[in-house]
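Thanks for coming. Please have the sequence and the 3D view open while I talk, and stop me if you lose your place.

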Amino acid sequence: VRVNNAFVWFYAWALGDPKKSTVRITAPNGLEVDIQGYYMTQETAEDGHRMWVAEDIPDPHTWSVSVEGWSDGRLASASVDVGANHVSVRYWPGDTEWRDEVIDTVERALPELTGIVGLPFPVEDQLVIRETILPNVYGYGGWYLVADDDIEIGEYVDEGLVIHEISHAWFNRQLFDSRWINEGLAEAVSAMVLREEFSEATFPRYTGPDAEGFQKLNRWTTSNGSAADADEKERYGYNASWHVVDELITEMGPSGLREVLAAAANDEIAYVGAGAAESVDERDDWKRFLDLVEERGGATSAPDLFTEYVIIEVQAELMAERSEARDAYAALVERRPGWAPSLFIREPLSDWEFAVALDRIDSAGDVLDAVEALEAHAAESG
């Protein structure tokens, strides 16, 4: 139970015999209310306040709802400017310890985050960090509401959690559409900031095939099943995605990471030719992430990591086709040092249309055969 001038949260439950219990919840006007659990009808009480009612409850012993009410206008507020970036910290009246811990973390972490990511802070107006217990109710420390640039964090401040959620200003579905990629980037980058700025080293837990909650990361979307099973899969998903991204960053280095993120943010093709990188329209999914970390970041370990942790069974054949096409492409490039294939050859590789890519690579090989024969004849002829 939490009750203060700006926020209220509690469980409501029923007592009594079947079909003889009634629960009424009345809230003052001006208070936003969210009720989760069993269905309740909304009515207007005699005094004009809103009221939620459940009558003749069939099984009172299993009936319960979670009730959250808040009034943003009653939250206390503090502003933090970090360079040109404006952050509004909104907290429960009187909880100055939470406010001070969040502000200190923001001031120290945001410049470090911006340097690691290498992209401008994408929040145009202001980032809001709000104190609420709601994420804790669902088993999370906090979350980032992308549409509103609003971070909601529980009442216990963890520096790593605050940094992780701030990093989701960059790492969300507007960058990559795979959950594991964005969560892995957020975990890995926040760990780097903790190490560099807060002298606190953190590492992912064991992620082997016999780990609790093991699953291939391309299956990690939302967890179903029992609560215990869902919790295990969530823990594993966070740790495995962190492990994969951390391994990639270790190989790519900070500059390689920035190169990958810039290419993703600017919709640049992974396979760069002789000139500037062309624009692509493909989804920024796991396939594009793999291309970028290999081609732009130089992470040669990526295919093995993806095979072990990411791809599901039906995607294994596609990975084999990709490997064949990339080998043929590399052999083509090696034939003529300083020459880069045209977009006509590179585009199907980027689109994962490997049969088309192989056909065009073969045709390019024929052209190079003719070029080399012509050069040899010209040399012979002086």
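Predicted model: local features only at pLDDT ≥ 70, side-chain atom pairs only at ≥ 80, totals over all residues.

S11 and S12 run antiparallel and are joined by four bridges. For anyone new to this, strands of a sheet pair through backbone hydrogen bonds, either parallel or antiparallel.

Now widen the view. S11 and S12 are part of an open sheet of five strands, and its order is S8-S9-S10-S12-S11. The pairing in this sheet is mixed. Which strands are at the edges? They are S8, residues 76–82, and S11, and each of them pairs on one side only. From one strand to the next, the twist averages 20°.

Two helices pack on this sheet. Helix H1, residues 96–117, touches S8, S9, S10 and S12. The direction of H1 makes about 15° with that of S8. Helix H3, residues 159–167, touches S10, S11 and S12, and its direction makes about 20° with that of S11.

Most residues other than glycine have a negative phi. Asp-149 is not a glycine, yet its phi is positive, near 50°. Is Asp-149 buried, partly exposed or exposed? Its relative accessible area is 21%, so Asp-149 counts as partly exposed.

There is a second residue of this kind. Asp-56 has a positive phi of about 50°, and it is not a glycine either. Asp-56 is in the loop between S6 and S7, the latter being residues 64–70. With a relative accessible area of 51%, Asp-56 is exposed.

S6 takes us to another sheet. Three strands form this open sheet, in the order S3-S6-S5, with antiparallel pairing. S3 (23–27) and S5 (41–44) each have a single partner strand, so one side of each is left without a neighbour in the sheet. The twist here averages 30° from one strand to the next. S3 pairs with S6, residues 50–54, over five bridges in the antiparallel sense. To find one of those positions, take Arg-24, whose bridge partner in S6 is Val-53.

Next, a pair of helices. H6 covers residues 286–295 and H7 covers residues 302–310. How do they cross? Their axes come within 10 Å and cross at roughly 150°. That angle makes H6 roughly antiparallel to H7. On the H6 side, the residues in contact are Trp-286, Phe-289, Leu-290, Val-293 and Glu-294. They meet Ala-302, Pro-303 and Phe-306 in H7.

Last, the whole chain. The protein chain has 10 helices and 12 strands. Its radius of gyration is 27 Å, well over the 21 Å that the globule rule gives for 382 residues, so the chain is more spread out than a compact globule. The C-alpha atoms fill a box of roughly 105 × 50 × 40 Å along the principal axes. Buried residues make up 46% of the 382 residues. Of the contacts between residues at least 6 apart in sequence, 65% join residues at least 24 apart. The accessible surface is about 19,300 Å², and carbon and sulfur atoms account for 48% of it.

That is the tour, and I will take questions now.

Definitions and conventions: Residues numbered from 1 in each chain as written. Heavy atoms only, no water. Pairing = 2+ DSSP bridges. Axes fitted to C-alpha atoms, helices over the stretch in contact; angles between N-to-C directions. Rg over C-alpha atoms; globule rule 2.2 N^0.38 Å. Buried < 20%, exposed > 50% of the residue type's maximum accessible area, 1.4 Å probe, protein only. Contact = heavy atoms within 4.5 Å. Areas by Shrake-Rupley, 256 points an atom, 1.4 Å probe, with all protein chains shown as cover. Parallel < 35°, antiparallel > 145°, perpendicular 65-115°, else oblique.
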